[in-house]
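Reader: I would like to go through this model with you and ask, for each label, what value stands behind it.

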Amino acid sequence: MRVSLTKAIELLKQGEVVAIPTETVYGLAADARNAQAIARIYATKERPANNPLIVHIADADQVVVWASEFSPLAQKLAQAFWPGPFTLVLPALAEVSSAVRAGEPTVALRVPAHPLTRQLLRESGLGLAAPSANKYTQLSPTTAAHVESGLGGDIPVLDGGACQVGIESTIVSVLGDRWQLLRPGMISEASVALAAGSPASQATLAETPKAPGQHLLHYSPRTRCLLFDSRQAVYDYAAKADDAVALLLGEKDLTGMRNITLPADPALAAEQLYAALHTLDAWQAAVILIESPPDTADWAAVKDRLQRAAYQAPA
Ligand code: TXA
Ligand code: MG
């Protein structure tokens with residue numbers, strides 16, 4: 001159900017969930033101070049309660065309302081990347097509900113760039129907890145229609161058009177003058193290092209903050225996906241397979257197999273990635289064959305999502 005900005009604010013203030021547009025993917029938002037509203041997010045997504053949520057805020061001034069430490073390094077990164085597809089994990093103030101933090105001592109914060117959602121944050125005055133607006137482990141939505149097909153037509157959706165970044169934000173945790181990459185995104189590790197003035201710290205496993213949502217099976221179409229190192233390997237497999245479709249990169253396919261070809265530019269490929277996977281999934285083939293992007297830094301985030309889509313749990 002599409003709702004206006006005014007209606008979205010009204011629903012959120014009443015403790016309801018509303019799907020909201022961001023530049024990365026659509027989020028399933030609720031008032032981050034309202035435990036019942038947060039419970040509705042987990043219930044709607046069928047998400048385990050040990051997986052914390054990102055709190056979306058109107059601007060960097062709001063950080064101190066949620067975090068107990070906003071170190072000079074964290075401020076530098078906020079300045080460089082907000083508003084934008086970038087999330088900071090910082091030590092949390094004690095009053096931040098443990099439903100949002102899922103028991104972690106930290107809180108994840110992001111200032112999104114989408115104009116409609118910025119207006120929503122400013123006018124409502126709320127901090128909005130919002131995970132991607134899909135069922136747990138399924139594909140993230142990049143249009144209002146994806147949200148409705150994944151969560152059902154009763155979910156109120158603030159329609160802000162198709163998402164322009166297309167994959168989830170880069171997540172970085174900061175403690176004092178040290179930082180770590182928790183989830184790759186279109187803001188690359190190299191850009192973070194440049195803005196930080198230092199490389200990611202080599203933490204031991206024990207001190208590495210968890211991003212509990214980062215288990216391997218994630219962002220998955222219902223159709224089985226297989227990842228191949230080369231175009232030729234896709235074709236070799238397809239020649240033996242009965243009902244295969246393909247997600248290809250760059251050069252158009254000349255064999256006539258059913259496929260979607262993403263642009264050779266990583267930013268454009270990211271923008272179109274989830275829509276392509278949603279479409280391929282809807283074709284209900286036996287298998288989706290995926291041509292892997294190159295192992296270069298500019299493809300890291302897209303490759304991460306493709307590896308997760310194709311992950312097979314060990315038998
Ligand atoms: O682009 C995005 O980040 C989108 C849009 C809606 O903002 N949101 C998103 O949320 O991708 P979600 O819930 O699908 O993924 C958030 C990730 C999860 O892997 C979660 O475990 C991690 O962030 N996370 C959240 N709070 C954390 C914390 N305090 N410490 C470590 N990881 C955290
Ligand atoms: Mg998600």
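Reader: How many salt bridges does the structure hold?

Author: The structure, which is a predicted model, holds ten salt bridges.

Reader: What makes the contact between R2 and E148 a salt bridge?

Author: The label requires a side-chain nitrogen of Lys or Arg within 4 Å of a carboxyl oxygen of Asp or Glu, and the N to O distance for R2 and E148 is 2.8 Å, so the pair qualifies.

Reader: Which salt bridge does R2 form with D159, and why is it said to tie parts of the chain together?

Author: The side chains of R2 and D159 also meet at 2.8 Å, N to O. Because R2 lies in the segment before α1 while D159 is in the loop between α6 and β7, this pair ties together parts that are 157 residues apart in sequence.

Reader: Why are R2 and D159 called partly exposed?

Author: The term covers relative accessible areas between the 20% limit for buried and the 50% limit for exposed. R2, at 44%, falls in that range and therefore counts as partly exposed, and D159, at 37%, counts as partly exposed as well.

Reader: What are the closest N and O atoms of E168 and R305 apart, and where do these residues lie?

Author: The closest N and O atoms of E168 and R305 are 2.9 Å apart, and the two residues form a salt bridge. This pair links distant parts of the chain, with E168 in the loop between α6 and β7 and R305 in helix α10 (residues 300-309), 137 residues apart.

Reader: How do you know whether E168 and R305 are buried or exposed?

Author: Buried means under 20% relative accessible area; E168 has 3% and is therefore buried, and R305, at 1%, counts as buried too. Salt bridges that share partners join E168, D304, R305 and R308 into one network.

Reader: Turning to the nonpolar side, which residues touch the most other members of the largest nonpolar core?

Author: That core has 48 residues, and those touching the most other members are L77, F86, L88, L90, L109 and V174. Elements giving two or more residues to the core include β2 (27-31), α2 (35-45), β4 (86-91) and β7 (170-175), while α3 gives the most, with five residues.

Reader: What does L88 touch, leaving aside residues up to four places away in sequence?

Author: With those neighbours not counted, L88 touches F70, A74, L77, A78, W82, V107, A108, L109, V172 and V174. A second, separate core of 25 residues includes V245, L247, A269 and L273.

Reader: How many aromatic pairs does the structure hold, and why is the pair of F81 and F86 called tilted?

Author: There are two aromatic pairs. The ring centres of F81 and F86 are 4.9 Å apart and their planes stand at 45°, so the pair is tilted, because planes under 30 degrees apart would count as stacked and planes over 60 as edge-to-face. F81, at 12% relative accessibility, counts as buried, and so does F86, at 0%.

Reader: What makes the pair of F228 and Y237 tilted?

Author: The rings of F228 and Y237 have their centres 5.4 Å apart and their planes at 50°, so this pair is tilted. F228 is buried, with a relative accessible area of 14%, whereas Y237, at 27%, counts as partly exposed.

Reader: What is noted about the backbone at P83, E46 and A102?

Author: The peptide bond from W82 to P83 is cis, with omega near -10°, and P83 lies in the loop between α3 and β4. E46, in the loop between α2 and β3 (54-56), has a positive phi of about 55° although it is not a glycine. A102, in the loop between α4 (98-101) and β5, has a phi near 50°, again a positive value in a residue other than glycine.

Note on methods
Residues are numbered from 1 along each chain as its sequence is written. Chains are lettered from A and ligands numbered from 1 in the order in which they are written. This is a predicted model: local features need pLDDT of at least 70, side-chain atom pairs count only at pLDDT 80 or more; totals for chains, interfaces and linings use all residues. Side-chain values use heavy atoms; hydrogens and water are left out. A nonpolar core is a set of buried Ala, Val, Leu, Ile, Met, Phe, Trp, Tyr and Cys residues joined through side-chain atoms within 4.5 Å. Buried means under 20% relative accessible area, exposed over 50%, partly exposed in between (1.4 Å probe, protein chains only). Helices (H or I, at least four residues) and strands (E, at least two) are DSSP runs, numbered from the N terminus. Contact means heavy atoms within 4.5 Å. Rings of Phe, Tyr and Trp (its six-membered ring) pair if their centres lie within 6.5 Å; planes under 30 degrees apart count as stacked, over 60 as edge-to-face and the rest as tilted.
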